[in-house]
Structures are given as structure tokens and as C-alpha cells.
Amino acid sequence: MSLQINPLTVSIGAEVAGIDLSLPLSAAQRTAIQAALLEYQVLFFRRQPLTPAQQHHFALQFGELHIHPIYPNIREHPEIMVLDTDDQNPPDNDNWHTDVTFIETPPLGAILAAKQLPPTGGDTLWSSGIAAFEALSPPLQTLLSGLRAEHDFTKSFPASRHARDEASRAQWEAARRKHPPLLHPVVRIHPVSGRRALFVNEGFTTRIVDLPVRESEALLNFLFAHIARPEFTLRWRWQVDDLAFWDNRVTQHYAVADYLPHRRIMHRATILGDKPY
């Protein structure tokens, strides 16, 4: 059965039907999903009750998987990260961010499955870095394309939250040593489509190293606000067993923290990518 793809906005997003993701993909299905991801940047699949093993297998069909240095995971499948939040463990991803940009080869994509949802709230927003870049004036596009920005693990994972006892401090210190601040281009080129996208995010980007401090702060503040413009975004209202697959190279997302004190559980598989250029 061929995929049915329904675009959600002009800039980003499509809902995909006509496939059971618990089954191994055929070559044609895999190619169709990759093509849709390239065009729409984030794909949504309803009614996909995947086990962690099935989610792991689905993600592996698109590349090698990342094991997060801080977040908890499924013991049998450590590549499946668990985001289990409530009033006692409030979320820390309620900001615009691109996942794991604190490594040399940030993820190609991520696959997020909704396992338990609050009675209301808990939506996620995505934004297109391509649409945001293309909306800028040509002179600003030219300036940004020659700049580099620093991405720092500790900006999203501060010791004050993630190193509260001896065991968590040892884990946090090991992660910090393994992931010192590094540089990525402010604008990256998609390795397949060749399109340009903004590649700075509020979660991990600390400064533009080619500019004085005040200019860096002003420009980053502008870009962080710019990419959040509604014209470049969509908002997904989750249902249990929904699955989202996004191109992490050219998007950002924001998990809305409007559901506390209720509980929300999500499982994420993260597919490693290549070095941005």
C-alpha cells in the first residue's frame, strides 16, 4: 500500500498514513519516507503502538543511533531515551532547540513516540530552519553564512539540575568532559537537498565566535526570536501512539510545558548525522 502524505503547513510538516511502522520497511517504503522527510522536514504517523524494540528497529533503518549521556533510557535498548516528566520531574526542553548539537556530528533525525499523555496540553512545536533562513534579507543571509557559533552541552544540562547527588554528578562530569564546547556554522547546508538553514538554537548555542560579545548577543537574540515566528512553525497535538520523525539538521522544536502537575512519557530514538558545513 502506498503512503498517503498530507501536508500540514506550507513551511513544514506532513501527516503520513498507509504504513505499519512495526513491520520492517521495504526498500520502496524507506525511500518514500526519506523523500517525504526531505520535503516536509517533520513527519507524523498516527496509531503506531511501537514497543521500544520496534522503535529501535525502525530507527536503525535510517542510520546509527545515539545514546544520550544524561537522560534515562530503556535498559534493553539504551538508544531509546525516556522523557518522563511531571510535577516532581518538570521538563527542561520547553525552549527552542535542535537535539544534541553539542557533538561533532549532530543527529540526522529523531523519532519520538507518545506513550502516556496528560489530559490536556503537552503539545510540541516544530520550526523550519530553512524557511527562517530564506525569509531573511540577502545581505543578512550573506553575513550569517560566513559565521561560526559555539554550542555548549552545559547550557541545556546545567549542574544545578543534573548533578544533584554523587551518582548524577559523576555522570554529569563525565558527559561534560566528553563534550567540551565546539563550533558549528551559523548556517548549515543540507547534505542531500543543498538548501541552507539556520543552525543556531537557544538550547545549546552560546555565542557567535566571529563577532564581539555585544554583537553576538544581539544577533543571536534576533535569530532565536526570528525562528520562532508562527509562519515557520507548526504545533502538533499528540495522541497516544503517535510517532514523529523529524530532520534534526534543519529544524528546531519546543515541548510546551503546560500540563503540570500531570505526567507525560515520550520515547525518543536519535539517528546520528554528519558534520555540519
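**Burial, backbone and sheets**

Author: Gln41 is buried, because its relative accessible area is 3%, where buried means under 20% relative accessible area, exposed over 50% and partly exposed in between (1.4 Å probe, protein chains only). This is a predicted model, in which local features need pLDDT of at least 70 and side-chain atom pairs count only at pLDDT 80 or more, while totals for chains, interfaces and linings use all residues. Residues are numbered from 1 along each chain as its sequence is written, and side-chain values use heavy atoms, with hydrogens and water left out.

Reader: In which loop does Gln41 lie, and what is its phi?

Author: Helices (H or I, at least four residues) and strands (E, at least two) are DSSP runs, numbered from the N terminus. On that basis Gln41 lies in the loop between α1 (27-40) and β3 (42-45). Although Gln41 is not a glycine, its phi is positive, at about 75°.

Reader: Is Arg47, which has a positive phi near 55°, buried or exposed?

Author: Arg47 is a residue other than glycine, and its place is in the loop between β3 and α2 (52-60). Because its relative accessibility is 66%, Arg47 counts as exposed.

Reader: Which residues is His179 in contact with, leaving aside its neighbours within four places in sequence?

Author: His179 lies in the loop between α7 (166-178) and β9, and it counts as buried because its relative accessibility is 11%. Contact means heavy atoms within 4.5 Å. With the neighbours within four places in sequence left aside, the residues in contact with His179 are Pro69, Phe102, Ile103 and Phe153.

Reader: What is omega for the cis peptide bond that joins Leu260 and Pro261?

Author: Pro261 is found in the loop between β15 and β16 (264-271). The peptide bond between Leu260 and Pro261 is cis, with an omega of about 10°.

Reader: Which residue in β15 stands opposite Ser127?

Author: Two strands pair if DSSP finds at least two bridges between them, and an open antiparallel sheet of 3 strands has the order β13-β7-β15. Its edge strands, each pairing on one side only, are β13 (233-236) and β15 (251-255). Strand β7 (residues 124-128) pairs with β15 in the antiparallel sense over 5 bridges. Opposite Ser127 in this pairing stands Gln252.

Reader: How many bridges join β8 to β12?

Author: Another open sheet of 3 strands, with antiparallel pairing, has the order β9-β8-β12, and its edge strands are β9 (182-185) and β12 (205-208). His151 stands opposite Thr205 in β12. Strand β8 (residues 148-151) and β12 run antiparallel, and the number of bridges that join them is 3.

Reader: What radius of gyration does the protein chain have, and what would a compact globule have?

Author: The radius of gyration is taken over C-alpha atoms, and the globule rule is 2.2 Å times the number of residues to the power 0.38. For 277 residues a compact globule would therefore have a value near 19 Å, which agrees with the 18 Å of the protein chain.

Reader: What share of the residues in the protein chain is buried?

Author: The secondary structure of the protein chain comes to 8 helices and 16 strands. Among its contacts between residues at least 6 apart in sequence, 82% join residues at least 24 apart. Of the 277 residues in the protein chain, the buried share is 52%.
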